Amino acid sequence: MKNSHEHYYVPSQSAWPIVATFALFFLAFGGGILINYGSPLLLTAGVGLMAYIFYGWFSKVIEESHDGLYSVQMDNSFRLGMAWFIFSEVMFFAAFFGALFYVRTLAMPWLNGEGDHAMTHELLWPNFIGEWPLLNTPATSSSVPSGLPDPFHLPLINTILLVISSVTLTIAHHALKENDREKTIRWMAITLVLGVAFLIVQGIEYYEAYAHLGLTLESGIYGSTFFMLTGFHGVHVTLGSIILLVILMRLLKGHFSADKHFGFEASAWYWHFVDVVWLGLFIFVYIV
Amino acid sequence: MKERSCSSAVLIILAALWSVSAQADWALNMTEGVTEVSRSIYSLHMQIFWICVVIAIAVFSVMFWSIIHHRKSVGAKAEQFHENTTVELIWTIVPVLILVAMAVPATTTLIEMYDTSDSDVDIQVTGYQWKWQYQYLGEDLSFFSNLSTNPDEINNKVEKNKNYLLEVDEPLVVPIGKKIRFLVTSNDVIHSWWVPAFAVKRDAIPGFINESWTRIDEVGTYRGQCAELCGKDHGFMPIVVQAVTDEDYALWLTEKKASIAAEVAAAARVWSLEELMVRGEQVYQKNCAACHQVGGQGISPMFPALKASAIATQAEQRDAHIKIVLEGRAGTAMQAYGAQLSAVELAAVITYERNAWGNDTGDIITPQSIQSMLKSK
Amino acid sequence: MTSAVDHHHGPATGMTRWLFTTNHKDIGSMYLIFSLLMFFIGGSMALIIRMELVEPGLQVVQPEFFNQMTTMHGLIMVFGAVMPAFVGLANWMVPLMIGAPDMALPRLNNFSFWLLPFAFFMLLSTLVMDGGAPDFGWTFYAPLSTTYAPPSVTFFIFAIHLAGVSSILGAINVIVTIMNMRAPSMSYMKMPLFVWTWLITAFLLVAVMPVLAGTVTMMLTDIHFGTSFFDAGGGGDPVLFQHLFWFFGHPEVYIMILPAFGIISQIVPTFSRKPLFGYASMVYATSSIALLSFTVWAHHMFTVGIPLVGELFFMYATMLISVPTGVKVFNWVATMFRGSMTFETPMLFAIAFIVLFTIGGFSGLMLAISPADFQYHDTYFVVAHFHYVLVPGAVFSIMAAAYYWMPKWTGNMYDEYLGKCHFWCSFVGLNLTFFPMHFVGLAGMPRRIPDYSIQFADFNLVSSLGGFLFGFSQLIFVLVVVKCVKGGKKAEAVVWEGAEGLEWQVPSPAPYHTFETPPEVK
Ligand code: HEA
Ligand code: HEA
Ligand code: CUA
Ligand SMILES: [Cu+2]
């Protein structure tokens, strides 16, 4: 395996991809059926199949990696693949951030009678007074929240949790490089706990928003951007935590070596990405 | 090779066709229109067009010349050169200069088009699925403008007239020589108010007002169409504008207001079932048939049937029936007709729906009852 | 240890070869066949549109079905025919051109492909749903596509998600392959242009497909979960939808043309027997087009009422794109100049591409002039523009590529006579179909209408006849492909006299596994 170009491992036939397409198709079509016709059957099948595939496909990859089939070049493919995947995720969030900026800097002032569309306010929404954070909406039919989450309470706690978790993950990484397995596992476990703590705090925050503040998905554009941005971020934290858990279990099983541990690094990249997105959220959704 | 010259012949013919057409009447080319803005847009259009034609001729003559002379079958030997910085710089910089030359007049025209200040007449134009509403601001005058083409023409049962699909029951009437500002918006989906002769095209965005303006030079009737896909009958919501002299405009304003007053007065008298049915059918065909269909059968599941429906047949649903017609249903294509139709029209169309297509309830809805319901709101 | 793995075998037999394959050539073939199928389905819908528009009046279909046809035609052609065809070509040719044994992530590759049939099954299934298929145009502007949409919109949204996942994963695979799998001496500036253009295209895909996914997700929550992204009443804005859509949509149209530029840049030098003129400037031009494409999206929205400064900015930025594109056209012409040309079918398609794409580009430039676009927008002039860049642009380049590489794929020469017939019928049919659309557009015929006023009748008749000629000519192509797969004159390794590049160093047909050890470059 010295000359990395000489033997690039091309896996032979595999059933996993096509089964995975079935799983994803069930998820998508099942999602449609659930929403339109109220039956969760196909969706559930999709979720089950998907879980099975994640387990099976990744086990296979891990096995191959253990058999030493992967060259340095292969490792690099995985790295590049992961990096570009994270870039695509960044662009996904960019769409929602874009929506937020657009609404705040253009749409709301127009509805308010500022800028180019002064007549909008005069003729269509004469009673609307808009100010970000937008509690009331032009059409009064949407539910109006009585208040907003205080950024320097739960969200600040969450920011601290996530930032620390990035640090602890890095400590774990260094420990792994120094081949200190026990230390790695310890800090990895701490990272995971922090991740779960974040999710719990966010759960509390959502509960308060719905139950006490009346801030919901239906509260006009503020509620929409708030819940969609933090919600998708939460989904990513959940995913990241699951990945961390898997890595932790692999560490316990004795996987990874000091110089070859791409699985670990990939999960770390993902986690840092989730962390950075949160910082963006904390600033633009909560504070400013 | 024969094919080569054949293809160049086709090209030359096509190019010729386009350039001839460019000077021909507006069935082939953009209209020059009847406003200053429309004329500057037309000349902008022709300028860019000719620039493109010239560039095309230059580039393709080199290409076809090579194709004819540097072909293997006439013994051409390939050279091996593959770059030349000077040439490459030239054909980067020259196009930039050409573009700058185009951008200058375009910018001036655009700035002109965006200046909606100091208007003489303000008209709010609201798009509905699938008609236009015109409100003369400050005049207390507002009406709807519907397609008036005979459905038999559309369905190929009778000969089509020359304004086929470009005719309406109530055209927009405006004075010439005045700066008219259009405040364009929509009640449901996005439409676009377009009259080619004025070079005015503005999207009607629900919840926002877009501004645009024109100053018409000549008396005449100008026709346009909705220019944004807005659902099923997007192809059937034309625009007709009558530009008239100042005096005629003043006259028209008085007459129009008088006829609206007469309609209101008619609500006070007693209407028989037959009268309401006759009137109701007209109103229904004009306003409702697009969705609920001529026979009242609707289009499942988008547009509910009214024929034999609970709401139009059961006595206890009578008020619900009136209510949905007056108030519409938010977030659906069903509009609030209370603000669009007169009390007589509303009474007539509801009576019609409760008695047509075998819905024979015998109910009579009076204009007075509609009026009191409208007031109580 | 590696020798223990048996990846030296040929293809498996039976269905599993196709279902489970990890071979880039098999997957490439499947993409190509799938896209041809979609081309015929989308094309048949176009023919329904043309049938309705033969003359004024409603004759063949009802307006609501007409809108469904327009929408599905656009969606299927863009996402089902053109994009997968290019991905198929990338799968087949990129590893061969850079001397790689396969794509970098072969199983992911299989996954990306198989998602597509499912996505399009889902999209097509909406045709039989209550309320019909999506009817809001391939641009699905809110609120027509949200509040006022038929119930099947939910399935449309999820179908877009699936197709999007497929595109993103496919694009990641291409990027990784190109960045990581090149033969050792294949530096970036030695890569064939098809590889370069695909690298940049893949970058565009990874950058904008997620934005589309986010956008349709907002639609979904607006429809079903009470959010108000596109509803002014809740503080949102329907125009926000358009910004998001076109931020994806404009790069998307370059996704459909950059690989075409790459193909033409391979074919023209081959048949001119002369190196490509200005290789480096081609690379820079492609990159500038890609970067600029992120800054021009609102040229589709000149009439929605964006502020004056925005209008001016987007006008200037859009006009600028003509410069790098012009560089490409000039380079191709300079490549032909003083060459030694022959005109086999791929070259015919390539020349037609250059001429007709340029015409489409010029009408694009006219559309870019914002004040003039107030008259052109949403008329058949726009329809003419984009069919000129898409049909003799994207589709012709795909045809050219298919003829160019078919001998390499099948090992047999295609029937040159039939190929030329296909070309000439297509060429005539296409111009008959789309050229008159310029005239009716300028004369004021709006797009997306099932019926029109009588002054547009003559040219629409011509368009319809041309559409049928063009459509049925494509059956010749099917014939050519079938004949070529079945047999014919055996092709040599270097199929074309002037051809250069690694793909011509392997025998024809290309063996199931190629370049298991990397080749020497130059
Ligand atoms: C492959 C797809 C493709 C490509 C390559 C292009 C290329 C271009 N397009 Fe096109 N476009 C579409 C696909 C494409 N387009 C589609 C699908 C739509 C409609 C979407 C919808 O609404 O459904 C559309 C719509 C569209 C619009 C919106 C029109 C409207 O709705 O009102 C505009 C406006 O600016 C535009 C502009 C351009 C420009 C300036 C280019 C430029 O890239 C062209 C550059 C090329 C040239 C200019 C020719 C060669 C150059 C030279 C020979 C050099 C010398 C020239 C000069 C300096 C003048 N396009
Ligand atoms: C790459 C993209 C692509 C391609 C290749 C085409 C190809 C064609 N398009 Fe395209 N078209 C679009 C992309 C494309 N289109 C888009 C994006 C829109 C906008 C949609 C919107 O407004 O939302 C559009 C809109 C559009 C319209 C405007 C509709 C409207 O505004 O209402 C029209 C009208 O003529 C049209 C016609 C055609 C025709 C005749 C072809 C021909 O080239 C098709 C050739 C035909 C075939 C290939 C058919 C072959 C079939 C047979 C021979 C029959 C045998 C059948 C079987 C064996 C099953 N198209
Ligand atoms: Cu209204 Cu189209
Ligand atoms: Cu564009």
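Q: What makes K201(B) a charge over the ring of W194(B)?
A: Its charged end is 3.9 Å from the ring centre, and the rule asks for NZ of Lys or CZ of Arg within 6 Å of the centre and within 35 degrees of the ring normal. K131(B) does likewise over F144(B), at 5.3 Å.

A word on the source: this is a predicted model, where local features need pLDDT of at least 70, side-chain atom pairs count only at pLDDT 80 or more, and totals for chains, interfaces and linings use all residues; side-chain values use heavy atoms, leaving out hydrogens and water. Residues are numbered from 1 along each chain as its sequence is written, with chains lettered from A and ligands numbered from 1 in the order written.

Q: How many aromatic pairs are there over all chains?
A: There are 107 (Phe, Tyr or Trp six-membered ring centres within 6.5 Å; planes under 30 degrees apart are stacked, over 60 edge-to-face, the rest tilted). F101(A) and F284(A), at 5.2 Å and 85°, are edge-to-face. F101(A) is in helix α3 and F284(A) in helix α8 of chain A, so the pair ties together parts 183 residues apart in sequence.

Q: Why is the W132(A)–Y222(A) pair called tilted?
A: The centres are 5.5 Å apart and the planes at 55°, so tilted it is.

Q: How do you know whether W132(A) and Y222(A) are buried or exposed?
A: W132(A) has 16% relative accessible area and Y222(A) has 6%; both are buried (under 20%; exposed is over 50%, partly exposed in between, 1.4 Å probe, protein chains only).

Terms used:
Helix = DSSP H or I, 4+ residues; strand = E, 2+ residues; numbered from the N terminus.
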